[in-house]
Amino acid sequence: MTIPDYAKEVRKQDRLHKLGSNHPICGTCGETDYRCLDNHHPADYGRDEATAHVCANCHRKVSDEQKDHPAFDPDADVLLDRIAHFLLGLADLLVLAVEKLREFAMALIERASPDPDGEAQS
Amino acid sequence: MTACNPPPITDELPISLRAFACPVTGPSKRYVDSAPRLGASCWTLIFDCETTSDDAQRLRFGTYQVRESGDLIEEGIFFDPASVSPSERRTLRRYAKSKGLQLLTSDEFVDRIFYGVGYRLRATIVGFNLPFDISRIAIESSSARGSMRGGFSFELSADKRWPRLQVKHLSSKASIIRFAAPFKQRSNRSMQKKGRKEAVQRGYFVDVKTLAFALFARPFSLAKLCDFLGVENPKKEFKDFERSISTEMIDYAVRDTQATWECFEKLSARYAALGLNETSQERIYSEASVGKACLKAMGIVPWRERQPDFDPRLIGTTMSGYFGGRSEIGIRRELRQVMLCDFLSMYPTVCTLMRLWRFVIATGIKSRDATDEARALLESVSLEELQSKSVWQNLVMLVRAKPDADIFPVRAHYNHADQATIGLNHLTHDGSLWFTLADCIASKLLTGKSPEIIQAITFAPKRKQNALRKIRINGNDDYAIDPAKDDFYKRLIELRHEIKSKITPGDSPANRRLKTEQNTLKIWANSTSYGIFVELNVEDASSKAEVLVHHSGDEPYRKKPSKIEKPGTYFHPLLATLITGAARLMLSITERLAVENGLEWSFCDTDSMALARPEPMGQDEFAARVQYIIDWFSGLNPYAFGGSILKSESVNYSLDDPQELVPLYCWAVSAKRYVLFNLTGEGKPVLRKASAHGLGHLRAPYDEENPAPDIAKPRDALVNIGVELWQHDLWVKVVEAALAGKPNQVNLTYHPNLQLPAISRYAATSPHLLKWFDDHNKGRSYADRVKPFGFLTTLSMKRVNETPTILENPHKRHPSSNPTKPVSPYADDPEVAARNAFDRNGGGAIPRERLQSYAQSLAQYHLHPENKFLNGNWLDRGPTERRHVKGGAIQNIGKEANEWEKQVMLGFDRDAQPTFGLSPSDILGLQQSLAHLLPTFSKTAMAEFAQLTPVQIERFLSADCRSAFAIELAPKMLKLAQHFRRRAATERSELKALRRRVEEIGLRPAAREIGCDPSNLNRRLKV
């Protein structure tokens, strides 16, 4: 077979298949390299199957936040509990996204400001 | 045909009505959309096989391409080492080296490319007629199981890592192709603990033949498709397949794969332009698939999902009022001048007039009694009022009527035909039956009398669904359709008209884009306005399956059927029933207008009618009256553009000048079997339109390269006329015989090839068909067998040719003899096929002289009877007359056109149609009817006729009408009752005639006349 890096291509397609997308992207920081993208369970694994694509770094961050979510309560209403934890997980993702947005905004402001010679930086 | 006082009853027949059968075990499994399926990767594998031309059609070699995002990454050749000689191998090697191609064995291709790329890299696997190619690279096949039952399971590789491939034939244009589950644990331990399974990777298969048919609604060969799409590298011509593999042959094969790729690219772009992003192209199997994808793209949830608990009895009622489009002959085998008129997009138009789109986007439907309204409307409606669009909005009604010589669609086995057909006939019935209100109005128009309405139900849509989405053609906002605000059908037709009006002569890029856009709209309109609403998929039932049959009567009943029906995704029988009813009303209005204007009609076919000029009427008067009828329908135009919804077809005008009306003539034989032509100054026919009905199953005995010497070339393109050359020539001869005043005698000696055995080509598309070749295949390796999807050739027996069976003991039961059905392994040459023909029912060889030639097969083509009407028998000519049917027992049936393609090719198959028998109340009636016949005919005589025992007859007569035994035996008993009722009627009329004779000439002379003893005659007459 003359397909360059066939083994790598196989790994790539397997990974995309696991991610469930041919064009995955981190929902918080915009990372598109499939090699470092994960399926994150916002409501926590075992509580709900819904997943979101996040890169490894962001995954670490939001997973850490999840450790502080309220613990599993066997007497809780299953559906309400699941929705609530999903919302918490979504909030964690949005917090990261908001951080990123601020970073982008500040970078843009910096770019837009004139250089010491009086011209806008491009 | 006249529509005045009804004739006396001409037939007493059981009638067939559609029914709706649900599984007894619970509500039908609801269609549940599975989680979004991951689309194919950016890889594409295209491949094609070249085979031997013997009956095995085994693989010789093939070619392939591997592309990533359209870029060619690898190109190669693969070959079967066992069928390629050393010198051919050298040829292949030299060629591959010179062109920089890979050279693999077929096993290597399967493991490294087919699975390595097609499976592991989730490529789209592309071919032309993929099932055939897949079966060539397989190493073994068997019958598929589970949901793919009826299809094949192929083993492609000895490597057990790779899953098998399943292929199930849907039609001659489409098959479902998918990978089976791999032979390993699919889920990891964690998933297993949770009771979950990883989804099976089914693969992504696109058969270019299938996609082309779905997008353009016509079949293509690869060569014709290349031409149609204007690809850069079309298929080459090559004929020397019998010889050794040569450079030219490999060139041809390599080009085939390239041509397939280019066609795929263009078709993919066309499909992408439809904007149906929710449905990937590998799920497109037909125009109906496009329709469903369209509705899905608009976010429309199917009715059956939104309203799963809708009363199935009401579905049964609705289905009983469902009949297909009208296709009839009004004047048979008589040369008449006509003008062909055609309704603009009939089904979308009636959908718009009745505002049926509201139902498609509704969360459900509600019904209420509307008996008084229906009666009032029927009583007051007149022909003039039907020009008002508002009247049509009130036609969303089903009506239970008591037919009393009213004209309704009647589905019956006319003239003892094997197949039931639908004809608009007078109907009288002791009970009441369901029809659309449109059908009742049509009856009133044609008889002058309103049918008696016992009950009527009207329907209204519930509130609109949420989350409906706009769609845009080609992503163009100017061509957006908002399903929530627009009437989808109206908008489609208007947009299409708007786009068509912008097309100018010439082939500019702008014109090409406009033509693509208007073609998109045409596809959407055709695919969403009818077929998907009546889609029912038939499967063989398991032995334990039991259904609850909901029918026209009151109480459903249980039955164990041999076939079950599964509703399609957008199944909505109310819409399908209303649409066809309204279309029939349109044709009935046209018929009534024709009569009022002193015209006749030669034929009608779903959305068109050929209006015929009566003899004394002048040309100008005829044209003026047809124009009057056309103009009458202007008031019913629901669209933003003006004009009538009834159009004069282009065949009414000269081939040389599309503005000039010229006399058009019609010769109609039976439903869908007619020809339209002009006459030259010398009185020679120039065909404008002809039907291939009843001819399409035959392989062309000759073509343009070997034409009939004495028949002029067609003036118009054959694709416009609608037939192949040999079919055109047959019709020319039919017309010439008619013009010569000898319409019964058609000369079939005009081409020597008509004396060859008549052959048809089909493919071994199911394990059942492949079984015919069990004897042939015994002891052969897979490669040498007749394989799945391999072509086979069917032939016909001469009619008076069956070997008589001598019954040694006529009183004993004997198995019914199966007619001889000749079949042969694939051969395009009729003589070769004839040499290898054997009986697929018995296995024995068949002598050549017992096979029917083309001439013999076609000998009675021009006489084919129109059974549904009177004056429609073989040699009858002139206007047909409606029958007056006294409807008897009701046979509840399922999908009529099940496996129609296979039946056209292989002959009528009574078992293909799902049947649900008679209802208990009809069985009770049948028992009484049979009991009434018993004094006249013995149980033994009845048993002998029905091939039952007297005990079974006795048991049936005393059985509970709801019992499984009675329901099972009822259809046979019905035939028995019909037969003996006819006999009783015949005997009564003979006795009556005898009594008259005796009165005329006396007992003894009468007895002498008929050769019997006077005392016996006297005794008989006293009975």
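The conversation below goes through some of the terms used for this predicted model.

Biologist: Why are Asp14(A) and Arg120(B) said to meet in a salt bridge?

Modeller: The rule asks for a side-chain nitrogen of Lys or Arg within 4 Å of a carboxyl oxygen of Asp or Glu. Between the side chains of Asp14(A) and Arg120(B) the N to O distance is 3.0 Å, and therefore the pair meets the rule. Across the interface of chain A and chain B the rule finds one salt bridge.

Biologist: What else describes the interface of chain A and chain B?

Modeller: In this interface 17 residues of chain A are in contact with 20 residues of chain B. The area buried between the two chains is about 1600 Å², and carbon and sulfur atoms give 50% of that area.

Biologist: What makes β6 and β12 of chain B edge strands?

Modeller: Each of them pairs on one side only, and the order of the open sheet of six strands in chain B is β6-β5-β4-β3-β7-β12, with mixed pairing. Strand β5(B), residues 71-79, pairs with β6(B) in the parallel sense over four bridges, and Phe78(B) stands opposite Leu104(B) in β6(B).

Biologist: Which residues of helix α2(B) are buried, and how do you know that they are on the same side of α2(B)?

Modeller: In this helix, residues 106-115, the buried ones are Ser106(B), Phe109(B), Val110(B), Ile113(B), Phe114(B) and Tyr115(B). They cover an arc of only 155 degrees around the axis, so they are on the same side of α2(B). In general, an α-helix has 3.6 residues a turn, so residues three or four places apart point the same way.

Key:
Residues are numbered from 1 along each chain as its sequence is written. Chains are lettered from A and ligands numbered from 1 in the order in which they are written. This is a predicted model: local features need pLDDT of at least 70, side-chain atom pairs count only at pLDDT 80 or more; totals for chains, interfaces and linings use all residues. Side-chain values use heavy atoms; hydrogens and water are left out. Two strands pair if DSSP finds at least two bridges between them. Helices (H or I, at least four residues) and strands (E, at least two) are DSSP runs, numbered from the N terminus. Buried means under 20% relative accessible area, exposed over 50%, partly exposed in between (1.4 Å probe, protein chains only). The arc is that of the directions from the helix axis to the C-beta atoms. Contact means heavy atoms within 4.5 Å. Buried area is the accessible area (1.4 Å probe) that two parts lose on being put together, summed over both.
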